[in-house]
Amino acid sequence: MSNGSGNTTAVPEAKGAMDRFKFEVASELGVPLSDGYNGNLTSKQNGSVGGYMVKKMIEAQERQMAGTGTTGASM
């Protein structure tokens, strides 16, 4: 189950790339994400960023598994 901290990266070396990816996705969606506190954003805005990140990561993995080699996600 969970260790209680939902804001950790399973692979610590990937944290910087994931942060850049998050800001890229937020920009694509028009969500004004800032570095630091984002309490001014709605749950819908935050959820859309996380949901779209997952969608793009799944698509990239599917392409990799299909052998096309292009990821589409800049992580």
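Visitor: Where is Asn38 found?

Guide: This is a predicted model, and in it Asn38 sits in the loop between H1 and H2.

Visitor: Why is Asn38 called buried?

Guide: The relative accessibility of Asn38 is 15%. Buried means under 20%, so Asn38 counts as buried.

Visitor: What does Asn38 touch, not counting residues up to four places away in sequence?

Guide: Asn38 is in contact with Pro32, Leu33 and Asn46.

Visitor: Which residues make up the largest nonpolar core?

Guide: There are 8 of them: Phe21, Val25, Ala26, Val31, Leu33, Leu41, Val49 and Met53. Two or more residues of this core come from each of H1 and H2. H1 gives the most, with 3 residues.

Visitor: What makes this set a nonpolar core?

Guide: To belong, a residue must be buried, be of a listed kind such as Val or Leu, and be joined to the set through side-chain atoms within 4.5 Å.

Visitor: Which residues does Val49 contact, leaving aside its neighbours within four places in sequence?

Guide: Val49 is in contact with Lys22, Val25, Ala26, Leu29 and Val31.

Visitor: Which residues of H2 are buried?

Guide: In H2 the buried residues are Val49, Met53, Lys56 and Ala60. H1 is included in what covers them.

Visitor: Why might residues three or four places apart point the same way?

Guide: An α-helix has 3.6 residues a turn, so residues at that spacing point the same way.

Visitor: How do you know that the span of H2 is close to the one expected?

Guide: H2 has 24 residues, and 34 Å separates its first C-alpha from its last. The expected span, at 1.5 Å a residue, is 34 Å. The expected value is 1.5 Å times one less than the number of residues, so the two can be set side by side.

Visitor: What follows H2?

Guide: Gly67 does, and its phi is positive, near 85 degrees.

Visitor: What is the volume of the largest pocket, and how many residues line it?

Guide: The volume is about 370 Å³. The lining has 18 residues, of which Asn7, Lys15, Met18, Asp19 and Lys22 lie nearest the centre. Helix H1 (15–29) and helix H2 (43–66) each give two or more residues to this lining. The largest share, 5 residues, is from H1.

Visitor: How do the lining residues of the largest pocket divide into nonpolar, polar and charged?

Guide: The lining has 5 nonpolar, 9 polar and 4 charged residues.

Key. Residues are numbered from 1 along each chain as its sequence is written. This is a predicted model: local features need pLDDT of at least 70, side-chain atom pairs count only at pLDDT 80 or more; totals for chains, interfaces and linings use all residues. Side-chain values use heavy atoms; hydrogens and water are left out. On a 1 Å grid over the protein atoms alone, a cavity is a set of points where a 1.4 Å probe fits but cannot get out, and a pocket is an open set with protein on both sides within 12 Å along at least five of seven lines; lining residues have an atom within 4 Å of a point. Grid points are joined across faces, edges and corners, and a volume is the space filled by probe spheres set on the points. Helices (H or I, at least four residues) and strands (E, at least two) are DSSP runs, numbered from the N terminus. Ala, Val, Leu, Ile, Met, Phe, Trp, Tyr, Cys and Pro count as nonpolar, Asp, Glu, Lys and Arg as charged, and the others, Gly among them, as polar. Buried means under 20% relative accessible area, exposed over 50%, partly exposed in between (1.4 Å probe, protein chains only). Contact means heavy atoms within 4.5 Å.
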